[in-house]
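Q: I have a chain to study and would like to go through it step by step. Could we look at it together?

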Amino acid sequence: MWGIVVPMSFRFLHLADLHIETAFGGRIETRERLLAATREALQAGVDLALDRDLHAVLIAGDAFDDGKLTQAGVDFLMDQMQRLTRAGIHVFYTTGNHDPGSKQGQAAQLGFEDADSTAGPEGGLHLFRRSTPKAVTLLDDEGEPIAMVVGAGHSQAKVETNLAAKFKRPKGDVPVVGILHTQVESAAISEEHANYAPSERKDYENANLDYWALGHVHKRQQVFADMPVWYAGNLQGRNPKEVGPKGGLLVELRQGEEAKVEFVRLAPVEWHHIAMADLQGASDRDTLLAAFEVAGQELQQTSPLSAQDLCVRFIPSGACPLSALLRDSQSRMQLEEELQVETGFLEVQIRPKQLFTRRDLSDLERTPSVQLEALKLIRTAQQDDEVLLSIAPALLPGNLGQEDSRENRIQYLRARLEGLEEELLQRCFSGEAWQ
Ligand SMILES: [Mn+2]
């Protein structure tokens with residue numbers, strides 16, 4: 001409506017952990033495809049930024065692995081950056097543990113400028129490589145502020161100080177975005193990443209920003225349900241652990257409103273896990289192969305990607321008459337090759353997990369093994385309190401305290417043994433006892 005000024009929104013793409021040109025596992029074909037895929041994913045992100053006419057692209061660290069980026073990689077990266085700046089799109093790049101910002105490091109030599117306090121309407125490449133946060137105000141054609149981006153970088157490879165704690169909301173009535181490579185200690189799968197620049201909930205509460213573009217943990221997630229703190233995850237899954245669609249977060253911020261965050265799929269290749277828990281009927285090799293193929297087809301039908309862009313890890317578990325075949329690395333490799341040809345997937349892996357062949361208990365009785373003896377001992381201890389107490393150490397680490405009565409000790413010890421019988425049985429059944 002005329003006369004009402006709608007506050008301008010700040011629109012950007014949040015990317016992180018590009019790891020362009022890093023080594024991968026898998027077949028040679030898979031490695032080559034993934035190498036190209038990391039580049040294609042970035043290119044797709046740049047295409048999207050141009051297409052949507054965004055204000056900025058934020059790269060939250062680990063754009064590459066320092067010392068491993070070839071000249072071709074540098075050229076590619078900078079070509080993409082220049083496509084953005086030519087279109088008036090700013091790039092804010094903060095350094096991480098893999099691409100630290102020391103003078104000798106590659107990040108400092110790419111051609112980015114150390115972040116200044118303002119950025120005009122023409123596009124620019126802004127680098128945060130020092131541990132003290134710096135605020136950049138983005139200005140529109142009229143010189144009016146649109147938003148502020150506050151960033152700090154890793155100045156060397158192993159930053160152990162909390163960088164997030166140094167962030168403060170700058171004054172002004174435009175949206176403020178923080179960009180940082182950090183290990184938020186409570187984030188999902190954070191235990192799989194090195195604890196660099198560790199941060200915690202209260203840092204984000206104190207800073208009170210409108211959005212945090214984080215990098216480091218490769219799993220995409222909103223870190224706190226009640227705060228706009230996000231990991232974009234890595235851009236392209238590079239190994240079997242990095243499953244599912246990968247890409248970036250498209251963010252729209254309006255002063256006084258909640259951030260609008262939308263995931264955009266950019267990775268051209270995806271890793272998937274397929275759990276195969278129902279293989280009891282697979283008593284011959286052909287039936288087994290067919291079961292894998294059917295599961296593969298189901299994945300294919302739900303994925304927009306073509307078979308040659310899917311890397312699949314099958315995880316057979318539970319009872320299966322052919323568990324020995326699947327557990328033997330040589331025959332498993334042959335199965336993987338056949339499945340790869342049959343399905344057309346880029347990569348096929350089979351990784352059994354707690355797979356066993358069901359046998360009669362009487363089978364166990366006939367074959368002496370240490371597992372069987374342990375099984376018997378546990379059964380006795382479960383039934384006979386004296387035996388249970390006799391095998392327990394005098395000092396128990398549990399929180400028994402003043403409650404250290406006979407009754408409580410027994411209860412505590414029983415709880416410790418729970419599930420152990422099942423585990424041993426499985427080991428006996430899986431044939432481990434005889435190998
Ligand atoms: Mn990292």
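Predicted model: local features only at pLDDT ≥ 70, side-chain atom pairs only at ≥ 80, totals over all residues.

Q: What percentage of the residues count as buried, then?
A: Of the 435 residues in the chain, 38% count as buried.

Q: And how many helices and strands are there?
A: There are 11 helices and 20 strands in the chain. The C-alpha trace spans about 85 × 65 × 50 Å along its principal axes.

Q: What share of the contacts comes from residues 24 or more positions apart?
A: Among contacts with a separation of 6 or more, such residues account for 69%.

Q: Let us turn to the sheets. What is the strand order in the open sheet that contains β1?
A: The order is β4-β6-β3-β2-β1-β15-β16, which makes an open sheet of 7 strands with mixed pairing. As a general point, strands of a sheet pair through backbone hydrogen bonds, either parallel or antiparallel.

Q: Which strands are at the edges of that sheet?
A: They are β4 (113-114) and β16 (260-265), each of which pairs on one side only.

Q: How do β2 and β3 run, parallel or antiparallel?
A: Strand β2 (residues 56-59) and strand β3 (residues 90-94) run parallel and are joined by 4 bridges. Within this pair, A56 has H90 of β3 as its bridge partner, and I59 stands opposite Y93 in β3.

Q: Which helices pack on this sheet?
A: Helix α1 packs on the sheet and touches β1, β2, β15 (247-253) and β16. The direction of α1 makes about 175 degrees with that of β1. Helix α2 (residues 71-86) packs on the sheet as well, touching β2, β3 and β6 (125-128). The direction of α2 makes about 135 degrees with that of β3.

Q: Back to β3: why is it described as largely enclosed?
A: The reason is that 5 of the 5 residues of β3 are buried, so the strand is largely enclosed by the rest of the structure. Both faces of β3 are covered: H90, F92 and T94 are buried on one side, and V91 and Y93 are buried on the other.

Q: Now the open sheet with β8 in it. What is its order?
A: That open sheet has 7 strands in the order β5-β7-β8-β9-β12-β14-β13, and its pairing is mixed. Its edge strands are β5 (118-119) and β13 (221-224), each pairing on one side only.

Q: How many bridges join β8 to β9?
A: Strand β8 (residues 145-151) is joined to strand β9 (residues 176-181) by 4 bridges, and the two run parallel. V150 stands opposite G178 in β9.

Q: New topic: at what angle do α4 and α6 cross?
A: The axes of helix α4 (residues 285-302) and helix α6 (residues 329-343) cross at roughly 45 degrees and come within 11 Å. The two helices are therefore oblique to each other. Their crossing is right-handed.

Q: Which residues make that contact?
A: From α4 the contact involves L289, F292, E293 and G296, and from α6 it involves L335, E338, L339, E342 and T343. These residues divide into 4 nonpolar, 2 polar and 3 charged.

Q: What about T30: where is it, and is it buried or exposed?
A: T30 is found in helix α1 (residues 28-51). T30 counts as buried because it has 20 C-beta neighbours inside 10 Å.

Q: Finally, which residues have a positive phi although they are not glycine?
A: Most residues other than glycine have a negative phi. Residues with a positive phi of about 50 degrees include D17 and Q354.

Q: Where are these two found?
A: D17 is found in the loop between β1 (10-15) and α1, and Q354 is found in strand β20 (residues 353-356). D17 counts as buried, with 27 C-beta neighbours inside 10 Å, whereas Q354 is partly exposed, with 15 other C-beta atoms within 10 Å.

Notes. Residues numbered from 1 in each chain as written. Axes fitted to C-alpha atoms, helices over the stretch in contact; angles between N-to-C directions. Parallel < 35°, antiparallel > 145°, perpendicular 65-115°, else oblique. Left-handed = near helix turned anticlockwise from the far one by under 90°. Contact = placed C-beta atoms within 7 Å. Nonpolar A, V, L, I, M, F, W, Y, C, P; charged D, E, K, R; others polar. Pairing = 2+ DSSP bridges. Buried ≥ 20, exposed ≤ 12 C-beta atoms within 10 Å, placed from the backbone.
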